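Welcome! Here is a short tour of the structure shown below, taken one topic at a time.

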Amino acid sequence: MPGKTRIGFGHDIHPLVTGRKLVLGGVVVPFDKGLDGWSDADVLVHAVMDALLGAAALGDIGTHFPPGNPEYKNISSLVLLAGVKKMLDAGHWKIGNVDVMVLAEAPKLKDYMAEMAANIAGSLSLAVSDVSIKAGTSEKLGFVGRGEGIAAEAVALLESALE
Ligand SMILES: [Zn+2]
């Protein structure tokens, strides 16, 4: 019997503020604002982490990397993502693929998406072809549309490496 397959979903939002770097998918994107949060507030990576944790039913990012812990202050979320990969390895989970959607009214992310996918693939030991990143706007509607924040949603597929 083949190993079981599991899907997971992740969703995250961070507010845009002045005086912070904008880090998305581990890439510092030039912009006059950045996302606020305890870590580097990489909303895209956080959505991926929650999708992976969800697929393995391992809780969520806040459980494993609680805000307020000095160890995680301004940490690169790619490091946290690699931590999730370790948990999946320990549970004998193999990642199939990851698909992420980022919603940002600005800036334009097209030129940075290949590097974001490479960063995420690197932290998860995946082929770049197993990581999909898409970006869109919110058509000027809601908090994303007003440029107050950036949201991301992700799904991930896991396969059990156990028979
Ligand atoms: Zn987050």
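## Reading the model

A residue is called buried under 20% relative accessible area, exposed over 50%, and partly exposed in between, using a 1.4 Å probe and protein chains only. By that rule, H14 is buried, with a relative accessible area of 12%. H46 is buried as well, at 7% relative accessibility.

This is a predicted model, in which local features need pLDDT of at least 70 and side-chain atom pairs count only at pLDDT 80 or more, while totals for chains, interfaces and linings use all residues. Residues are numbered from 1 along each chain as its sequence is written, and side-chain values use heavy atoms, leaving out hydrogens and water.

## The zinc site

The zinc ion has the protein donors D12 (OD), H14 (NE2) and H46 (ND1), at 2.0 to 2.1 Å. Donors here are N, O and S atoms within 2.8 Å of the metal (3.2 Å for Na, K and Ca); water is not among the atoms, so sites may look incomplete. Along the chain, the donors follow the spacing D-x1-H-x31-H. H14 in strand β1 (residues 5-17) and H46 in helix α1 (residues 43-55) link distant parts of the chain, 32 residues apart. Helices (H or I, at least four residues) and strands (E, at least two) are DSSP runs, numbered from the N terminus.

## The sheet

Five strands form an open sheet with mixed pairing, in the order β4-β1-β7-β5-β6. Each of the edge strands, β4 (34-35) and β6 (131-136), has a single partner strand, so one side of each lacks a neighbour in the sheet. Two strands pair if DSSP finds at least two bridges between them. β1 and β7 (residues 149-160) run antiparallel, joined by 11 bridges, and R6 stands opposite L158 in β7.
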